[in-house]
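Hi,

Here is the model I promised to pass on. Have a look at it first, and my notes follow below.

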Amino acid sequence: MAYNGFAIDEYLDAAKVTAELNELIKKPIYSMSPHALAAYDNDYFGAKCKKSKEMIDEAKNYIPGGVQHNLAFNYPFPIVITKAQGNKLYDIDGNEYYDLLQAGGPTIIGSNDPVVRDAVIDLLNTCGPSTGLFHEYEYKLAKKISECVPSVHKFRMLGSGTEACMCALRVARLKTGKKNVLKMGGAYHGWSDQIAYGMRIPGTKGLQSPGVPNFVFKHTDEFFPNDLDDLERKLRRNQLNGGTAAVYIEPIGPESGTRPVSKEFVQGCERLAHKYGALLVCDEVVSGFRIGLSGAQGYFGIDPDLTIFGKIVAGGYPGAGGVGGHEDCMAHLGAGLDAGGKKVTKAMCGGTMAATPISCVAGYTVINEIEKRNACEVAGRMGDRLTKGLQGLIKKYDLPFVAFNQGSVCHMDTVGTMHFSINWLKPWTIPNVLTQTDARKKEMQHMGAAYMAEGVITLAGSRLYTSAAYTEQDIDDVISRFDRVFANCGKLEK
């Protein structure tokens, strides 16, 4: 396909990457040497991040754990960021970092973009952030999303991706008259009770959802990524117990493609969902407007019934989420009538601070700028360059690490934490899986700290988002910083 405005030139070989990850988790853990990690702890975090440490220690008196968002938990302590601009972040101590976290993915044109900022400031000067009533940018944003994403005939803005996932399930049950939901094992579809199932590691069921009682999952199950036979088995089984209302997928694979899937699998999910009378719900919280203006669904050539949007529809500003989809599905979020005037049941859906003027103007402006700057393709080219450079370093230092990408969504997997899975037919293996993943997650945190000490901020030390604010020279500089980290990596002694 070449790029053609998408972030992906040539789609990865999912089977090949999976085989490499299978080998990674069979091997001993390779990570930072304890000596090198101690040096980073003392020479960087201890000496150069003192104000961050002091503020976090004080914040712990008022905030559980000291921070308000999971992405901010980092080893050895959270860093306090005071400035963001383009592809850089700056902390309270004055340290500068390349931003490969990108607020979890939405800032594809870069952080604090001046065009978006000016539009937001103008809105604040004329209207303010919220009125509780309709604003013209609600219409402009919905129309723009509908023009970009063919499957989105109508769009309903909400406050977050989690809310959108909840809302889509209610719509699916009303539209189909069926009960059950099947979601891709390992995928994250927000933290609402019924879908907080099988997260991060396929087969975990409710193990990763403390605080959620098991009875809540009565109508929820997971299917294994890249396994259409498993999906069809569960769709067939559900026919005997209320049917399947929705099949949820992350189109580039669970956890933003951490476990990659094939094009054939994605297309097969659509086919099987419709064969069994279920809606296909495509979670594009990360991939929407990042893989392409039409999302990953546009790249794969699928037509989901409902699409979940997240952070990008508010351009990185608060109030970021929404559901879009086919006319007949979206009628359940309207005034109770479909396009033909026929009465339909309206789904319970709220959100006083959804679709505020500030979030809508930011989202509308960002999507227009993505289009004008061909940002998806530019960021994808940077992702390809970064991944190729990381693969070169892996070879240079003879490390078992695996680097791959889906356009501007890049993965630097050093330990394979999320490539494990649980087989409930062999329950005696579960303790070993949990022990292994705990140990490997710890080393992910150590690697993330090393990258940060070298001036590169990542997501959990394993996921890297590039943006259109990067240049080839920036990427080469980033690679040189990874080089310094990898030079201090080796097999850890037991």
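Before the rest, a word on what you are looking at. This is a predicted model, in which local features need pLDDT of at least 70 and side-chain atom pairs count only at pLDDT 80 or more, while totals for chains, interfaces and linings use all residues. Residues are numbered from 1 along each chain as its sequence is written, and side-chain values use heavy atoms, with hydrogens and water left out.

Back to the helix pair. Helix α4 covers residues 114–126 and helix α12 residues 357–372; helices here are DSSP runs (H or I, at least four residues), as are strands (E, at least two), numbered from the N terminus. Their axes are 9 Å apart, at an angle of about 150 degrees. Axes are lines fitted to C-alpha atoms over the stretch in contact, and angles between N-to-C directions run from 0 to 180 degrees. The two helices are therefore roughly antiparallel (over 145 degrees; under 35 is roughly parallel, 65 to 115 roughly perpendicular and the rest oblique).

On the α4 side, the contact (heavy atoms within 4.5 Å) uses Val115, Val116, Ala119, Val120, Leu123 and Leu124. From α12 come Pro357, Ile358, Val361, Ala362, Thr365, Val366 and Glu369.

Most residues other than glycine have a negative phi, and most peptide bonds are trans. Asparagine 112, however, has a positive phi near 55 degrees; it sits in the loop between β4 (96–99) and α4. Alanine 355, in the loop between α11 (327–330) and α12, also has a positive phi, about 55 degrees. Are they buried or exposed? Asparagine 112 is partly exposed at 35% relative accessibility, whereas alanine 355 is buried at 12% (buried is under 20% relative accessible area, exposed over 50%, partly exposed in between, with a 1.4 Å probe and protein chains only).

There is a cis peptide too: it joins tyrosine 75 and proline 76, with omega about -5 degrees. Proline 76 is in the loop between α3 (50–59) and β2 (81–85).

Last, glycine 292 lies in the loop between β9 (279–283) and α10 (295–300) and is buried, at 0% relative accessibility. Leaving aside residues up to four places away in sequence, glycine 292 touches Gly5, Phe6, Ser287 and Cys376.

Cheers
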